[in-house]
Number of protein chains: 2
Amino acid sequence: MGDDFFVDPEDTREQILAATYRTLCERGYANLTISAIGEEFEKSPSLVYRHYDSKDDLVLACLRYMLEDFETQLTEADFEDPRGRLEEFVGWGLGDVPSEQRRFVSTLVELRSQAVHDEAYRAHFTRSDEVFVGYAADVIRAGIDRGTFRECDPERVAETLVTTMSGAMLRRSTCESTVCLEGVRNGLEGLLESQVYKPNTA
Amino acid sequence: MGDDFFVDPEDTREQILAATYRTLCERGYANLTISAIGEEFEKSPSLVYRHYDSKDDLVLACLRYMLEDFETQLTEADFEDPRGRLEEFVGWGLGDVPSEQRRFVSTLVELRSQAVHDEAYRAHFTRSDEVFVGYAADVIRAGIDRGTFRECDPERVAETLVTTMSGAMLRRSTCESTVCLEGVRNGLEGLLESQVYKPNTA
């Protein structure tokens, strides 16, 4: 999920957002400048300034683009194997992150902390959480409908999964290498075993 | 836990750190300046500059002081009622936050995100997580020793609790009021019921 952003940008807008993404991966947010994005952009840097007023305009457009792309992937996802989907979702938040994405995950923590004092970031991350919680709840509902999941509260479980995955993102980006995410993943798997999956439906 | 910081500062150093804490609560990190801390300080602002080189020096000294104070409280805690202790711990991370502390929790998210690119913050939050994980694991070990908790892996459960509580802190500070922490708390209580507490030991 989410590992094929901006592979083949189609127009100037997408190329600008792709340049923003690459610059964020390289520099993080603290060292981001609009001129660094302009340098990363293949065409004239003046095109960047013509379309966007500030680095936060660019970053928010990039985040929104990625979230829309993610939502499209989720809409196309099939729910044939709800347990497999849920395990994939948890693994995506708590498993190994490829090194080229690790920097972007840390950058997401920097961006998310902007939401403490910036309403536009707050609105984005509120919507982003709604998308992830909504997806996990839909998967759980599909499992209940198919009779392989217990009659649990899908929203409650989804909130717990997304909150734990958010904490994992925060801790692995801000701690030295002491966070035992394997243990957290086992903990959540135990939670799903006891609260969500019916026995012997693996 | 942690709601009586800096009530009665004893010396100039503690008074400076108390002024730093109050300024952080009022302004957050993004709007923090060393001169605002100097204004909050009861004595001459020049004393602040004499002891600390930068606002980050002050903030880190304040964070370390609070963590030491917290560790002292934990050292003095009795483990007579491990289940009560664990419920208190989870409630502290996922329950209601008094309004005067809410701003500081959000500020902690801003400070923690500094650890993405600043080694001194990273070292602090690594240690801070170790203290919290260590405390929760000690409580769980006490419950196992007393025979009221199952033979679970204390470190694994403690990592899961602290990660979920970190995610709750992140989400409640960066989302509009849509985060259902009551659901997350229920989710964790279910995890403790099924993985930690023996039946009928409430």
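**View 1. Domain 1 of chain A meets domain 2 of chain A, with 13 residues of domain 1 in contact with 13 residues of domain 2.** Contact means heavy atoms within 4.5 Å. This is a predicted model: local features need pLDDT of at least 70, side-chain atom pairs count only at pLDDT 80 or more, and totals for chains, interfaces and linings use all residues. Residues are numbered from 1 along each chain as its sequence is written, chains are lettered from A and ligands numbered from 1 in the order in which they are written, and side-chain values use heavy atoms, without hydrogens or water.

The domain assignment places domain 1 of chain A at 1–61 and domain 2 of chain A at 77–195; such bounds come from an automatic or database assignment. The C-alpha centres of the two domains of chain A lie 26 Å apart.

View 2. A salt bridge needs a side-chain nitrogen of Lys or Arg within 4 Å of a carboxyl oxygen of Asp or Glu.

On the domain 1 side, helix 1 (12–27) and helix 4 (55–76) of chain A are the elements that give two or more residues. Helices (H or I, at least four residues) and strands (E, at least two) are DSSP runs, numbered from the N terminus. Helix 1 of chain A gives the largest share, five residues.

**View 3. A:Arg85 in helix 5 (residues 82–94) of chain A.** Its side chain makes a polar contact with the side chain of A:Glu88 (3.2 Å). Neighbours within four places in sequence aside, A:Arg85 is in contact with A:Ala77, A:Asp78, A:Phe79, A:Tyr135 and A:Val139. A:Glu42 is 43 residues from A:Arg85 along the chain, and their C-alpha atoms are separated by 38 Å.

**View 4. The annotated span, residues 33–52 of chain A.** An unreviewed UniProt entry carries the annotation "DNA-binding region" here. UniProt annotations may be inferred rather than shown by experiment; positions follow the numbering used here and feature names are shortened. The span is 70% helix and 0% strand, with its end C-alpha atoms 13 Å apart.

**View 5. Chain B against chain A, with 43 residues of chain B in contact with 43 residues of chain A.** The two chains bury about 3700 Å² between them, 60% of it on carbon and sulfur atoms. Four salt bridges join chain B and chain A. A:Arg171 forms a salt bridge with B:Asp129, the closest N and O atoms being 2.6 Å apart. Helix 6 (99–114), helix 7 (119–146), helix 8 (154–174) and helix 9 (181–195) of chain B each give two or more residues to the side that touches chain A. Helix 8 of chain B gives the largest share, 14 residues.

Notes: Polar contact = N/O pair within 3.5 Å; in protein donor to acceptor, adjacent residues only side chain to side chain. Buried area = accessible area lost by both parts, 1.4 Å probe.
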